[in-house]
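Q: I have a structure open and want to go through some of its contacts. Can you take my questions as they come?

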Amino acid sequence: MKNLFAKRTSITEIQNQLNNLGGGGGFEQQDLNEWKLTVDNSGSGSAVIRFLPPDEEHGMSFIKLINHGFKVGNRWYIENCPTTKGSVTENFEACPVCEYISENDLYTTNNKLYGDLKRRTSFYAKILVVKDQANPDNDGKVFLYRFGVKIMNKITSMINVDESLGEVPIDVTCPVEGANFILKAANVNNQRNYDTSTFQKQSPIPGIFNADGTPNEAGQKALAEQMAAIKLGDLISDDKFKSKEDLKTNFDRVMGRTETQTAAKLDNELSEFEEEMESYTAEPSVATSITTSAEVEVEDDLNDILGIV
């Protein structure tokens, strides 16, 4: 615990982590406590959070996730991309979607399809919720937090500064000299936007020191226990990635390129489910309403999973 909340004397370690982010996971249900910013009907919301230092077990503050999620007809493809396991060059051929995009040069030949199939990037970190205006019960608790490239850029901009101009790099996860993050969401052109989010001035993690500057042993212990309960390493375990053969079978099924026994079984189950739903009502208008509502919820859930905001 003493090492966990000690002041960092070198910023090189966090710079290396940010420059070499890797990992996987994302679509399977995680037994982890994830925090999401609550927004009002206009899409606005705010909170104060603190990105936490790496845990002693895995030594990482951030995990990068790359995945694919799209729908063709009534078939979904939602899978982790093998390129998140390390070098994109080394793992590119292990992903049938990336391979298909490259072979067909979709970026130039079919930009719309490319937009649906392309890789999507999101990040995970452990955070301390300092102030959640919409849910004050979350204050002082540790959560897993998923965020996108814009927020990640704000983190790296605090590290990668021009020291020749006198700028001082700040490791925002440092327990002593890091900084709280004011997270602000707004609706801009019907898209969730975090541009006005910003880091506050440097300060210790709230609650780990007493007013006189001495360590708050009870506060540090409680925080360490909460952090230990969330294991970032679970997101990058091998079992979160399917083999190329399994991915290709699913991709071919979704794209309608093959009709495997598995695909036929899934389609039959889907048809039976839709028939059962229709049998619950004699009024077509009600059934249509139920289907439309469900589709909207699925779209919202997928956007959330993929980090589309």
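Q: What does lysine 248 form a salt bridge with?
A: Its partner is aspartate 252, and the closest N and O atoms are 2.8 Å apart. A salt bridge here is a side-chain nitrogen of Lys or Arg within 4 Å of a carboxyl oxygen of Asp or Glu. This is a predicted model: local features need pLDDT of at least 70, side-chain atom pairs count only at pLDDT 80 or more, and totals for chains, interfaces and linings use all residues. Residues are numbered from 1 along each chain as its sequence is written, and side-chain values use heavy atoms, with hydrogens and water left out.

Q: How are lysine 248 and aspartate 252 placed in helix 8?
A: They are four residues apart, so about one helical turn separates them. Helices (H or I, at least four residues) and strands (E, at least two) are DSSP runs, numbered from the N terminus.

Q: Is aspartate 252 buried or exposed?
A: Aspartate 252 is buried, at 7% relative accessibility, while lysine 248 is partly exposed at 37%. Buried means under 20% relative accessible area, exposed over 50%, and partly exposed in between (1.4 Å probe, protein chains only).

Q: How many salt bridges does the count come to?
A: Seven. One of them joins the side chains of glutamate 79 and lysine 242, at 2.9 Å from N to O.

Q: Where do glutamate 79 and lysine 242 lie?
A: Glutamate 79 is in strand 4 (residues 75-80) and lysine 242 is in the loop between helix 7 (217-228) and helix 8 (244-255), so the pair ties together parts 163 residues apart in sequence. Glutamate 79 is buried, with a relative accessible area of 9%, and lysine 242 is partly exposed at 43%.

Q: And what about glutamate 99?
A: Glutamate 99 forms a salt bridge with lysine 244, with 3.7 Å between the closest N and O atoms. Glutamate 99 sits in helix 3 (residues 96-103) and lysine 244 in helix 8, 145 residues apart.

Q: New topic: strands. How many bridges join strand 2 to strand 7?
A: Five, and strand 2 (residues 45-51) runs antiparallel to strand 7 (residues 179-188). Strands pair if DSSP finds at least two bridges between them. Valine 48 stands opposite isoleucine 182 in strand 7.

Q: What does isoleucine 182 stand opposite in strand 9?
A: Threonine 198. Strand 7 and strand 9 (residues 198-202) pair in the antiparallel sense over three bridges.
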